[in-house]
Amino acid sequence: MPGCSGNRYLLLYGSQTGQAKAIAEEICERSSQHGLFADLHCLSMTDKKFSLEKEKCVVLVTSTTGDGEPPETALKFVRRIKKKTLPDDYLAHMNYTILGLGDTNYTNFCNNAKVVDRRLHELGGQRFYPSGFADEAVGLEVVVDPWIDGLFPALQKFLGADPSISPKSDTVPAPTSDTNSCASPDSGVSESASTNGSADVSSEKEVSKTASGSGSQATVRLTGKGSSNSIEPRTAENLMNGFSSADKTETELNDAVNRNSADTNRQSGGGEDKMDGKPSLYLNGDVNKSMSENKTGRGFASSSDGVLRNAAVSVDSSEPCLRVSLPPLSEGGLTLPVVTPAYLAISYLSPDKDLGAKLASLPWQNNCKLPSAASDIAVAKIVSAQRLTTKDASKKTLLLRLNIEKCGMNYRPGDSISVICTNHEDEVNQLIARLGLELQADLPIQISIMPDTKKKRAAVPPHFPEEIFSLRHILKTCVDIREPPKKALLRVLVDFTSDAHEKRRLQELCSKEGAGDYTAFVRGENVSLLDVLCTFPTCHPPVERILEHLSRLQPRPYSACSCLEFNPGHVDIAFNVVDIPQSSSRVLPRRGLCTGWLDDVTQALQNRQGSGDAEAMEGLSDQMQSISLGDVEIPVCSRTNQNFRPPNDLSIPIIMVGPGTGVAPFIGFLQERQLRKKELVDPSTYGETWLLFGCRNREKDFLFRSAFDEFQKSGTLTHFLPAFSRDGYEGDAKYVQDSIRSRAADIFRLIDEKEAVVFVCGDAKNMAKDVNAALEEVLQSQKGLTPEDAKAYMMTMRIHRRYLEDVWT
Ligand SMILES: Cc1cc2nc3c(=O)[nH]c(=O)nc-3n(C[C@H](O)[C@H](O)[C@H](O)COP(=O)(O)OP(=O)(O)OC[C@H]3O[C@@H](n4cnc5c(N)ncnc54)[C@H](O)[C@@H]3O)c2cc1C
């Protein structure tokens, strides 16, 4: 309530996917530790729960979505403060700060937060603490963590609160040889630690150093820069499990792990995996227990049949990775985030033979609205699949045609549809096994709030079922088990890890001092919770603590690669099957959750339909062969789209820039233009239609090649500029931005004289920025603008919706 306490402030969030909300909740949580009271609300509650006119101190956390737009929940708020009728001193009484979340892969980085920041200031609001803009591309935490740390003293100062009230900081002293020589302060770990400590190293000095620190870190310190090579292999193995495998052959090691897996499997009552018709072992017990018992120094990998198998994960101890750190981090003291209070409680109920049927009838994620959804979830049928790249191309690109006649969905070119996918069954099994939950996973459960929780406003996540469900159900359908664990989760894991080396490394990864390692090896390597748990075998967290920290599983959007009038009742989508290989930090190789699944589905169907079709799909010389699939069903919904649409007026020229699968929406644009062109009374009014496409190789991944030919023949596509980043012919452009430069005069004429609309779409990391930069160069060279003026020109194009981006990573 406004004014109920001198230490109160208003905390607002505008969230699209839940990230801004989670950060705001963290700020809220930590406020009380600083003697502050945060009145937390979603921006959508404007005028219902809060009113800026009455507020003295406001903190906002908001993301940006689409092409620099506010999240849906913030639209009303942003519209209100943008009203031109508001007086300049409207918010003169108000002091504020804003934390923006964005992604520099998009040229309109953090646009929404910047717009709100500017507008609040224009209306007389004063910043009591500098606004922060966090970049998802390098890791939000790089800005978010220090920004939050600085926020509390600033709030205390501004609100006149007692600055001495602050949480007891959770610090870890620098490792010393004393504290580390016997490894863990916890029980049950001295064996592995003493194995490290008594490693057969070449000097006493080395022994003491090896045993110092938290083992792994200190060991690396020794071997990192030109020190004795002789201990390196041993050290690397020690890092895995305190055991040298140097004297074992690869086969022996594999056999050992397999034997042990089998034992573990039997002991835990696990069975054979008959899913693929072959008996293969599931590690239904504690996979990492089996790993450490074998002392093989091996990690686990999931093979294509999804079974955790032993796999060599070679760790070069001179290189930092998820489990290995180097000085100064490995030698220094650490500042840890405060542990979030536990709040979820699971009640296990008696087995219910009807549970499966009940679960099948539960609504998807408790009917909780999906971010950006523009329709209800409905079931589409995959009617055909085409492989658009040859078998030897670097990426496998598929084009699926979906029948959406019964979905109640409409779409226009430029729109995208979301595919709703569940977590991979094998990964869920592996996680269940690793958490030791095989016996509980399929019991009916209820989740409630711990009565004595210290968490403020604790609530069961709204996307969890309200009634009875199972752990397997929730791990499969509700939470993102692949997202890189957040620091708050790593901090929780620290407290459930017994081995001192592992504990220290987890502490480093969530510490202030280890921010760089976190960004590089957790986020940068895209490691999953399972990777972390496999890397730290003595970590045994309760599942409740895990569920408190996992984000909601999100659907995957795909641009419509077709026009509804051209293909009535259907939508096409084109995508690359994502391959994420194993690495020193990623214990498990995997494929994209959604694209891997869609690939499996189409493969399975083709195989069922006969090898002829499957071969045609696999060995394409003509990349446009299509396989009819019948009627596999996948859940989808349409997404909101504000601006990324071709102009209705066909006389307006358009320039489409779409490398790789970024070309997908432009197929829909061209189909629509082709249809409308035929209706033109005066065909000469048809605007120039340019497409700048890019791929690697003319023969292997030239997507939609024959479609482009057809569009050119019909005059729909007036200018087509392909670029080939590898193996192009002499004179070919390498990238789409080179095509822009090579046709600078034409591009300038179109933009400046003909007021063309430019569309940029794609998944290339820096593509959008490079295209923007190339256009700025064109403006400088052709119009004589200064770099600043060229930037301003581009900004004006954006404001007038003549430069539109749809970029994903
Ligand atoms: C509006 C919109 C439209 C889109 N349209 C399309 C489209 O038309 N076509 C299309 O293909 N995609 C499109 N995407 C992207 C698509 O939604 C998915 O993100 C993509 O297909 C991957 O999903 P997935 O579930 O298969 O992979 P996930 O399981 O989500 O894995 C992808 C993650 O793995 C990471 N990754 C990939 N390779 C590696 C590697 N080697 N090492 C480490 N990490 C790696 C990626 O950075 C990413 O974080 C669109 C996205 C948006 C937001």
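These legends describe close-up views of a predicted model.

**View 1. The buried side of helix α2.** Helix α2 spans residues 75-82, and Phe 77, Val 78 and Ile 81 are buried in it. The three cover an arc of only 95 degrees around the axis, which puts them on the same side of α2. An α-helix has 3.6 residues a turn, so residues three or four places apart point the same way. The partners of these buried residues are β3 (57-63) and α3 (111-122), against which they pack.

**View 2. The largest nonpolar core.** This core holds 49 residues. The members that touch the most others are Ile 447, Ile 474, Leu 475, Leu 490, Leu 493 and Leu 547. Helix α18 (residues 529-535) gives the most to the core, with five residues. In soluble globular proteins, nonpolar side chains tend to be buried together.

**View 3. Contacts of Ile 447.** Neighbours within four places in sequence are left aside here. Ile 447 is in contact with Leu 344, Ala 345 and Ile 346, and also with Val 460, Phe 464 and Phe 469. Ile 474 and Leu 547 complete the list of its contacts.

View 4. A polar backbone atom of Ala 574 is 2.8 Å from a nitrogen atom of the ligand. An oxygen atom of the ligand is 2.8 Å from a polar backbone atom of Leu 593. For Cys 594, a backbone N or O atom lies 2.8 Å from an oxygen atom of the ligand. On its own the ligand has 990 Å² of accessible area, and the protein covers 75% of this.

**View 5. A cis peptide bond between two prolines.** Pro 327 and Pro 328 are joined by a cis peptide bond, with omega about 5 degrees. Pro 328 lies in the loop between β11 (308-311) and β12 (334-336).

View 6. Phe 704 is not a glycine, yet its phi is positive, near 55 degrees. The loop that holds Phe 704 runs between β24 (689-695) and α23 (705-713). Phe 704 counts as buried because its relative accessibility is 4%, and buried means under 20%. Glu 755, also not a glycine, has a positive phi of about 55 degrees. Glu 755 is found in the loop between α25 (744-753) and β26 (757-762).

Methods
Residues are numbered from 1 along each chain as its sequence is written. This is a predicted model: local features need pLDDT of at least 70, side-chain atom pairs count only at pLDDT 80 or more; totals for chains, interfaces and linings use all residues. Side-chain values use heavy atoms; hydrogens and water are left out. Buried means under 20% relative accessible area, exposed over 50%, partly exposed in between (1.4 Å probe, protein chains only). Helices (H or I, at least four residues) and strands (E, at least two) are DSSP runs, numbered from the N terminus. The arc is that of the directions from the helix axis to the C-beta atoms. Contact means heavy atoms within 4.5 Å. A nonpolar core is a set of buried Ala, Val, Leu, Ile, Met, Phe, Trp, Tyr and Cys residues joined through side-chain atoms within 4.5 Å. A polar contact is a pair of N or O atoms within 3.5 Å; within protein, one must be able to donate a hydrogen and the other to accept it, and residues adjacent in sequence count only if both atoms are side-chain atoms. Accessible areas come from the Shrake-Rupley method with a 1.4 Å probe; for residues, only the protein chains shown count as cover.
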